[in-house]
Amino acid sequence: TLRKPISQSSMADWASKNLNMHTQGIFRRRISISNMLSWNGGSIKKPMLITSNRTIKKEACEMFKLVQSYMGDRQTRMDRNHVALVMVTKCWSMQGLRDELYIQLIRQTTDNMCYRSLAWGWELMAISLAFFSPSPKFQSYLEGYIYRHLDSDENIAQHIKELVDLKNKKITKSRKKRKQNTEDEGLPISTYAKYCYRKLQKVAITGGKKGLRKPTVEEITHARNAIVTPSLFGSSLEEIMLRQQDTYPGHKLPWVQTQLSQQVLALGGEQTEGIFRIPGDIDEVNALKLQVDQWRIPSSLSDPNIPASLLKLWYRELEEPVIPQQFYKECISNYENPDAAVAVVQLLPELNRLVLCYLIHFLQIFAQPSNVGRTKMDVNNLAMVMAPNCLRCQSDDPRVIFENTRKEMSFLRMLIVHLDTSFIKGLL
């Protein structure tokens, strides 16, 4: 569900309070807000946003040059991947730079007369959202900006033409150059905007990339590719199955689900103490995620907690949970009734039913007494760690969330104990 973003008047009010107003000319006249938030071909001498942090003040001006370099508005010897890597690493490491980058991108994608530069600016915004979120106070502003571009392709093309015509009247010599600049290069802006909008919703909750390892060029490339090719993580089950049709046309289950589950077992996960409870090394999990998204399972895996953690993440990040939202109330209403709980599973859409049954069958392996003795993860513990990945409470009330958490665990426990999943053996 998409929230209604803040109005333009509220955004103007936010800008007037938070922008670090720049000056120009020998009389140091203040630049208007509209000019502050319009494409600039020159440098900036101070940050876009008000800050007292000296490091941020210095880094912000350098980052503006990097933004211009990535968008092709400034010459650089670095390739665009490394320009993006430097920027993303700076912002990932220094939280105070994140909003500054996003406001710079808003500026450089407003009234930009070069379509290629404009597309690359939006691409950089999409890449950045794969690694870090804006601050809560800036999120609504960014969300409102992206929202206005969801269906704006015709308006953008017309606006660029008007800007170019206006410029050409003043500088007739640049007509040939400007004509070249308006040629369409890259995806429609609405494609970037729709991706950024969905990505912003998710990163605002998850918080972006975690771990101690800095971003890599491979992750930058992966983040860019995800704009066009949906990731196996954070997509809907239908999208995932559609994406794997060419590679695994006969499979009835998501390849990522079956492969990670099999890896956990192949590495002796059913005999590993604290499996699913003890998290795998976050950096190794991130590295495996990158590989899995390219349909690869490395042969060097040795710790079952790594694929186990990634498997939990895959379930948790599904765009819609395995048990769709419309069945949520029925689940928590029947958390003590085995027959009713099993009956809910039969009502699910076919794909969701198969995915859930595969998961339950998988968990039933760990619930066997011979394995529980080693893992210390009985049916109650398994239900506790897996329930939040299958059911999502939509309430904001802490009391409701707390009460429903108990019911979600109990419902999943009923399925592990009572659901017949024998038909799932050998199914891919």
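Reader: Which residues in H5 are buried?
Author: In H5, the buried residues are Arg 98, Asp 99, Glu 100, Leu 101, Tyr 102, Ile 103, Gln 104, Leu 105, Ile 106, Arg 107 and Gln 108, where buried means under 20% relative accessible area, exposed means over 50% and partly exposed is in between, with a 1.4 Å probe and protein chains only. Helix H5 covers residues 98-108, and eleven of its eleven residues are buried; helices (H or I, at least four residues) and strands (E, at least two) are DSSP runs numbered from the N terminus.

Reader: Before I go on, what kind of model is it, and how are things counted?
Author: This is a predicted model, in which local features need pLDDT of at least 70 and side-chain atom pairs count only at pLDDT 80 or more, while totals for chains, interfaces and linings use all residues. Residues are numbered from 1 along each chain as its sequence is written, and side-chain values use heavy atoms, with hydrogens and water left out.

Reader: ok, and how many helices and strands are there?
Author: The secondary structure comes to 21 helices and two strands, and buried residues make up 50% of the 428 residues in the protein.

Reader: Which ring does Tyr 102 pair with?
Author: A search of the whole structure finds eleven aromatic pairs, and in one of them Tyr 102 and Phe 132 are tilted, with 5.7 Å centre to centre and 55° between the planes. Rings of Phe, Tyr and Trp (its six-membered ring) pair if their centres lie within 6.5 Å, and planes under 30 degrees apart count as stacked, over 60 as edge-to-face and the rest as tilted.

Reader: And why does that pair tie together parts that are apart in sequence?
Author: Tyr 102 lies in helix H5 and Phe 132 in the loop between H6 and helix H7 (136-147), so the pair ties together parts that are 30 residues apart in sequence.

Reader: Switching topic, which residues have the most contacts inside the largest nonpolar core?
Author: That core has 63 residues, and those with the most contacts inside it are Phe 276, Val 292, Trp 314, Leu 356, Phe 411 and Leu 415. A nonpolar core is a set of buried Ala, Val, Leu, Ile, Met, Phe, Trp, Tyr and Cys residues joined through side-chain atoms within 4.5 Å. Helix H18 (residues 350-366) gives the most to this core, with eleven residues.

Reader: At what angle do H17 and H21 pack?
Author: Helix H17 (residues 338-347) and helix H21 (residues 398-418) pack at about 90°, with their axes 9 Å apart; axes are lines fitted to C-alpha atoms, for helices over the stretch in contact, and angles run from 0 to 180 degrees between N-to-C directions. H17 and H21 are therefore roughly perpendicular to each other, since angles under 35 degrees count as roughly parallel, over 145 as roughly antiparallel, 65 to 115 as roughly perpendicular and the rest as oblique.

Reader: Which residues make that contact?
Author: Pro 338, Ala 341, Val 342, Val 344 and Val 345 of H17 meet Phe 411, Met 414, Leu 415 and His 418 of H21.

Conventions. Contact means heavy atoms within 4.5 Å.
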